[in-house]
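Here are a few notes to go with the structure, written as one colleague to another. Have a look at the model first, then read the points beside it.

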Amino acid sequence: MLTSPRVAKVECIGARQLRVTFTDGLVRELDFAGVLIGIFESIDDDVSFAEVSVDPVAGTVCWPGGLDLDPDVLHGDHEPATGISALLTREYRLEDISN
């Protein structure tokens, strides 16, 4: 049975920018400037956005207060339900993420 890649690591690398590393070795750098609308407006400031972490159960990025993002959308497999995507600024694969 195949499982979808999940988030292994997340880093805030700038204002509204994340580096997301997935369990399949894919790394995506995403810029969320201008796309944090609705309930996500609560993390649209430097301090709140930087509180990002990995939810080990859901395998995705999350913030305090229960906000999270779909790992399949972050991985690039699906479009977000809102139709508004973060800007992909860089994408690459790690050779070995077991270390």
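1. A word on strand pairing to begin with: two strands pair if DSSP finds at least two bridges between them. Please keep in mind throughout that this is a predicted model. With that in hand, look at S3 and S7, which pair in the antiparallel sense over 6 bridges. Within this part of the model, Asp31 stands opposite Leu87 in S7.

2. Where does that pair sit in the open sheet? The sheet has 4 strands in the order S1-S2-S3-S7, with antiparallel pairing. Strand S1 (7–14) and strand S7 (87–93) are at the edges and have a single partner strand each, so one side of each is left without a neighbour in the sheet. From one strand to the next, the twist averages 15°.

3. The loop between S1 and strand S2 (17–22) is worth a click, as Arg16 is found there. Most residues other than glycine have a negative phi. The phi of Arg16, however, is near 60°, a positive value in a residue other than glycine. Is Arg16 buried or exposed? Its relative accessible area is 13%, and a residue under 20% counts as buried, so Arg16 is buried.

4. Next come the hairpins around S5. Strand S4 (residues 53–55) pairs with S5 in the antiparallel sense over 3 bridges, and Asp55 stands opposite Thr60 in S5. The hairpin formed by S4 and S5 has 4 residues between the strands. In its turn, Gly59 has a positive phi of about 65°.

5. S5 also pairs with strand S6 (residues 67–68), again in the antiparallel sense, over 2 bridges. Here the bridge partner of Trp63 is Leu67 in S6. S5 and S6 form a hairpin with 3 residues between them, and Gly65 in that turn has a positive phi of about 95°.

6. Which side of strand S5 (residues 60–63) is covered? Both faces are. In a regular strand the side chains alternate between the two faces of the sheet. In S5, Thr60 and Cys62 lie on one side, Val61 and Trp63 lie on the other, and all of them are buried.

7. Cys62 leads on to the cysteines. A disulfide is a covalent bond between the sulfur atoms of two cysteines. How many disulfides does the structure hold? There are 0. The closest cysteine sulfur to that of Cys12 is in Cys62, 14 Å away, which is too far for a bond; the cut-off for a disulfide is within 2.5 Å.

8. About 520 Å³ of space lies in the largest pocket. It is lined by 21 residues, and the closest to its centre are Leu69, Val73, Pro80, Ile84 and Ser85. Strand S3 (26–31) and helix H2 (71–75) are the elements that give two or more residues to the lining. What is the lining of the largest pocket by class? It has 14 nonpolar, 4 polar and 3 charged residues.

Key: Residues are numbered from 1 along each chain as its sequence is written. This is a predicted model: local features need pLDDT of at least 70, side-chain atom pairs count only at pLDDT 80 or more; totals for chains, interfaces and linings use all residues. Side-chain values use heavy atoms; hydrogens and water are left out. On a 1 Å grid over the protein atoms alone, a cavity is a set of points where a 1.4 Å probe fits but cannot get out, and a pocket is an open set with protein on both sides within 12 Å along at least five of seven lines; lining residues have an atom within 4 Å of a point. Grid points are joined across faces, edges and corners, and a volume is the space filled by probe spheres set on the points. Ala, Val, Leu, Ile, Met, Phe, Trp, Tyr, Cys and Pro count as nonpolar, Asp, Glu, Lys and Arg as charged, and the others, Gly among them, as polar. Axes are lines fitted to C-alpha atoms, for helices over the stretch in contact, and angles run from 0 to 180 degrees between N-to-C directions. Buried means under 20% relative accessible area, exposed over 50%, partly exposed in between (1.4 Å probe, protein chains only).
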